Amino acid sequence: WFGVSQFENSCEVGVFARLTNAYCLVPAGGAENFTSVFEAELADTVPVVKASIGGMRILRTLCVGNKKGLLLPHTTNDQELQHLKNSLPDEVVVQRVDERLSALGNCIACNDHVALTKPDLTKETEEIISDVLGVEVFRQTIAGSILVGSSCAFSNKGGLVHPQTSVEDLDELSTLLQVPLVAGTVNRGSDGIAAGMVVNDWAAFCGSDTTATELSVVESVFRLRDARPGALGADVRKSLVESCFL
Amino acid sequence: ADSIRFDSSRPPRKMMPGSAPPAAGSGMFVPTQTAGTVLCCICGVSMQPNPANMCARCLRARVDITEGVPRNAAVVYCPDCFSYLQPPRSWLRAGPESPELLQILLRRLKHPLARLKVSLSGAEFVFSEPHSKRLRLKLRLRREVLNGIVLEQTHPVEFVVHDRLCDSCARAQANPDQWVAVVQLRQHVPHRRTFLYLEQLLIKHGQAALAIRVASAPGGLDFFFGSRSHAARLVDFLGTVAPIQTNTAKQLVSHDTKSFIYNYKYTFSVEICPICREDLIALSPKASRDLGGLGPLVLCTKVTNAIALLDPLTLRVHHLEEKKYRVYNFKAALTSKQLVQYMVLDIEPESPEITIDGSRYQLAYAQVARMSDFGKNDTVFTVRTHLGHRLNPGDLALGYDLYGANMNDDDMDKALLRQNLPEVVLVKKSYEKRPRTRRWKLKRLPVEEDLGNKAKGEEERRENEYDMFVRDLESDPELRFGINLYKNEDYRSEMASTIGDDVPTVPIEELIEDLTLGDDEDEEEEEGADAGMVE
């Protein structure tokens, strides 16, 4: 599935929600329409958990995780930590990281097998990432930017990177990640890929400004056309969900 | 014609410091970076990434940077003086499709463009028919849209030209002879040599260019001006070149009671000192004593804003300022009209040649005879003269005949009684042959002649005076100094061979190439009396 939505009139939906193959984190409070979109599509496959980190709603920028674990910044409260530990499935290891930088989501991008981090990450954090998330860690820059977490969005099937990534970089990343990558844009030509969309292996949500061309690119690179939540089935349902408000 | 330009000075979004790629040539190996292609987010065509990530056609189609920029504007033009109005009040002369006109038109558009934050990167004229009252420009506008893309687009603008007479043309047309200030230049001497010389000076310095009209009056010239400051400027200039005395007067023409505006007509009466070059003056005993015992007979050698008086017998030169002159107010006893021709029979230099004031003099004893006596009787005069360096036996000279003259001058009579005055005062050397055509010519001011006041034979007298003036110019390089001489195209050089070597001619280095404007110049030369602006 892929859908188009807005969070409180902002097209940067990727900033607020964290979507993985095992769970989905959405901001607590605020408008219900946003969360209802996620719930409608994902409710029968993954738990949709309302949370906040350090009192803030910009979840994806602060935390990073995959189906094996979730890393939270040092600004997380104990209550929030506990809430997350309770709400998430038991296989998911929730850990708070004492890293100086708290925007983990901008610094680290990962799927279930590989993680890309910014080049000057501390050794301890790298070890924690590889332990908790069970991934291989590579230090990289994308299109000259050290914030790899915001310049790309990738799942186990494919990835979308910053439009100004060079062809050599693209090849290199693709070899590292072992998934097909394409340079493109979301939200009508915006450069902030990870801020404009959330994606996992079978579903993707983009900001409402995303044009049809961009949607088709997203659809093709993430192989969403025939994606299903792990189950085999004959029917392929493709729906374009639009929700607009306010 | 449209193009997309990207603002390379802005770094791409979300770039953290320290993440710029290493500079080329810094010694590090930098792998080659080929830019990839992305799909245009609107139409899906593959293209190079740009800050908007839209292909050029989509950008052009969706974004119109000339929205809100005016397509029509108006400009005001004065057909009489070919100038355009720059509000609120200045009129600037500009030719058709000239850079000045472009500047004026662009200034009209400056505010709308600035308000829309559109900048101008180029402008050019598009042809429009000269009588269509329309001016067309093609502007290249540049504006920043979306996130950092600078778009450039052409935009036509049409200006409607409205005709209106500018203030000065309107005033001139309403009353062409309207003047506000007049300078009445007078010199109470029977000849006009000074005026001829002043005319040349005025032409050279362009001081009469602002005059509406120049008219000739008995005893001098009248210059009419449109504003008092122009007239004052001419008066100041005259004060530096001639010994003058000025009186001013004003007459109320109109008066606006509500706003305290008074319109006057101003008159500057300028009187030039009546002493001219080569005048013989007899100083009163008081004057002679005050000037340091300058002999009673003096010759005036140079007139600038002070009069230079030379005592020919003692070779002393005294410069008398205008103010001091007014104290004595002596007149010339004999003027250059009364010069008589003499034949020099013998010259005996008395003292070596000296230079005073830039001119060379030498005291000498000369035996001369009047040309009217020469050959007829034996009347010979022996006199001391200051022209020893110039004269040789057999030359012709011009001088004042005190022996036979009948003078109407009190001071001269007193001096005659008291002392022994020389019988002849030689003034300058004269030449027989003169070239018919000269290699050079002079420009004249367009002076209106006062037809009603002309005396009989005045025309001929004027011609002679002009001729003498031209001869003076030829012989005296100092006089030529302040004047422009122009090359005469009609000069035929064969004549040069028939002239003797010692006849002074103007060397060709001093001549100026004249501007050939075709009809204009010829007309001025021929007619010489033209109403209108003095060029």
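1. Asn187(A) belongs to the loop between β13 (181-183) and α8 (193-196) of chain A; helices (H or I, at least four residues) and strands (E, at least two) are DSSP runs numbered from the N terminus. Although Asn187(A) is not a glycine, its phi is positive, at about 55 degrees. Asn187(A) counts as buried because its relative accessibility is 7%, where buried means under 20% relative accessible area, exposed over 50% and partly exposed in between (1.4 Å probe, protein chains only).

2. The model is predicted: local features need pLDDT of at least 70 and side-chain atom pairs count only at pLDDT 80 or more, while totals for chains, interfaces and linings use all residues. Residues are numbered from 1 along each chain as its sequence is written, chains are lettered from A and ligands numbered from 1 in the order in which they are written, and side-chain values use heavy atoms, with hydrogens and water left out.

3. On confidence, chain A has a mean pLDDT of 83, and 91% of its residues reach 70 or more; pLDDT is the predictor's confidence in each residue, from 0 to 100. Over residues 230-246 of chain A, pLDDT stays under 50, and the model has 29 contacts beyond four places in sequence for this stretch. Contact means heavy atoms within 4.5 Å.

4. Two backbone features of chain B deserve a check. Most residues other than glycine have a negative phi, and most peptide bonds are trans. Phe82(B), in the loop between β4 (72-78) and β5 of chain B, is not a glycine, yet its phi is positive, near 55 degrees. Phe82(B) is partly exposed, with a relative accessible area of 48%. The peptide bond from Pro87(B) to Pro88(B) is cis, with omega near 5 degrees, and Pro88(B) sits in the loop between β5 (83-86) and β6 (90-93) of chain B.

5. In chain B, 5 strands form an open sheet of mixed pairing, in the order β11-β12-β10-β14-β13; two strands pair if DSSP finds at least two bridges between them. Its edge strands are β11 and β13 (244-256) of chain B, each pairing on one side only. From one strand to the next the twist averages 15 degrees. Axes are lines fitted to C-alpha atoms, for helices over the stretch in contact, and angles run from 0 to 180 degrees between N-to-C directions. Helix α5 (residues 228-241) of chain B lies across β10 (181-186), β12, β13 and β14 (261-272) of chain B, at about 15 degrees to β14(B).

6. Strand β11 (residues 213-217) of chain B has 5 of its 5 residues buried. Arg213(B), Ala215(B) and Ala217(B) point one way, and Val214(B) and Ser216(B) the other. The strand runs antiparallel to β12 (residues 220-225) of chain B, joined to it by 5 bridges. Ala215(B) has Asp222(B) as its bridge partner, and Ser216(B) stands opposite Leu221(B). The hairpin has 2 residues between the strands, and Gly219(B) takes a positive phi near 90 degrees.

7. The largest nonpolar core has 49 residues, and those with the most contacts inside it are Leu116(A), Tyr84(B), Leu105(B) and Leu135(B). Such a core is a set of buried Ala, Val, Leu, Ile, Met, Phe, Trp, Tyr and Cys residues joined through side-chain atoms within 4.5 Å. Helix α2 (residues 99-115) of chain B gives the largest share of this core, 6 residues. Another core, of 27 residues, lies apart from it and includes Leu221(B) and Val447(B).
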